[in-house]
Amino acid sequence: MIMTTINQFTVSGNLCADAQIKEFKNTTSKILRIGIFINSSRKVENKTITTSAIFNAERWVKKEEMSSFDFLKKGQLVSIKGFFKAESYTDKDTQEEKTVIKCIATEICPVEKTQRNNEEQEAKEEEQAEK
C-alpha cells in the first residue's frame with residue numbers, strides 16, 4: 001500500500017511583533033519572518049487555563065511584493081497557510097550538522113473580526129461534537 005503524505009498547515013493568531021525582514025546582498029528577494037500567538041485552553045475543575053506559545057513562520061518575498069505585507073504589525077490577527085521544510089546547517093560552535101523544521105508560509109492574510117467570530121463558533125461546535 002502506498003501512503004501519501006500531506007505536508008501543510010493552516011493556523012491563525014495575533015502577531016506577537018511587527019514582521020522582521022532580512023535582506024541579502026546581490027538578490028532581489030528578502031525573508032519575511034513572523035511569529036503569532038497560539039492559545040490553547042482547557043478546563044480544570046471550574047477554571048479555564050490558557051497556555052500560549054509562539055508559532056514562527058517565514059516567507060521569501062520579492063522586493064516588489066513587500067508593500068502587500070505592510071499590514072503585518074504587532075497585534076494584527078492573521079491566517080497563515082504553508083508547509084513544513086527540513087533544513088540542515090552546521091553549528092558554529094560544535095561544528096555538528098543539525099536539522100530543524102521550518103514553517104514556510106505560502107499565504108499570509110489578515111483576518112477580519114466577523115471572520116474570527118465565525119471560526120471561533122465553528123471550533124466550539126466541533127469541540128462539543130467530540131464530547
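Asp91 lies in the loop between β5 and β6 (97–110); strands are DSSP runs of E with at least two residues, numbered from the N terminus.

Modeller: This is a predicted model, in which local features need pLDDT of at least 70, side-chain atom pairs count only at pLDDT 80 or more, and totals for chains, interfaces and linings use all residues. Residues are numbered from 1 along each chain as its sequence is written, and side-chain values use heavy atoms, with hydrogens and water left out.

Biologist: Is Asp91 buried or exposed?

Modeller: Asp91 has a relative accessible area of 16%, so it is buried (under 20%; exposed is over 50%, partly exposed in between; 1.4 Å probe, protein chains only).

Biologist: Which backbone nitrogen atoms lie by a polar atom of its side chain?

Modeller: That of Asp93 lies 2.8 Å away, and that of Thr94 2.9 Å away.

Biologist: And which residues is Asp91 in contact with, leaving aside neighbours within four places in sequence?

Modeller: Glu96 and Lys98, where contact means heavy atoms within 4.5 Å.

Biologist: Turning to the rings, how many aromatic pairs are there?

Modeller: The count is three, for ring centres of Phe, Tyr and Trp (its six-membered ring) within 6.5 Å; planes under 30 degrees apart are stacked, over 60 edge-to-face, the rest tilted. Phe9 and Phe55 are edge-to-face, because their centres are 5.3 Å apart and their planes at 70°.

Biologist: Where do these two residues sit?

Modeller: Phe9 is in strand β1 (residues 9–15) and Phe55 in strand β4 (residues 47–62), 46 residues apart. Both are buried.

Technical notes. Helices (H or I, at least four residues) and strands (E, at least two) are DSSP runs, numbered from the N terminus. A polar contact is a pair of N or O atoms within 3.5 Å; within protein, one must be able to donate a hydrogen and the other to accept it, and residues adjacent in sequence count only if both atoms are side-chain atoms.
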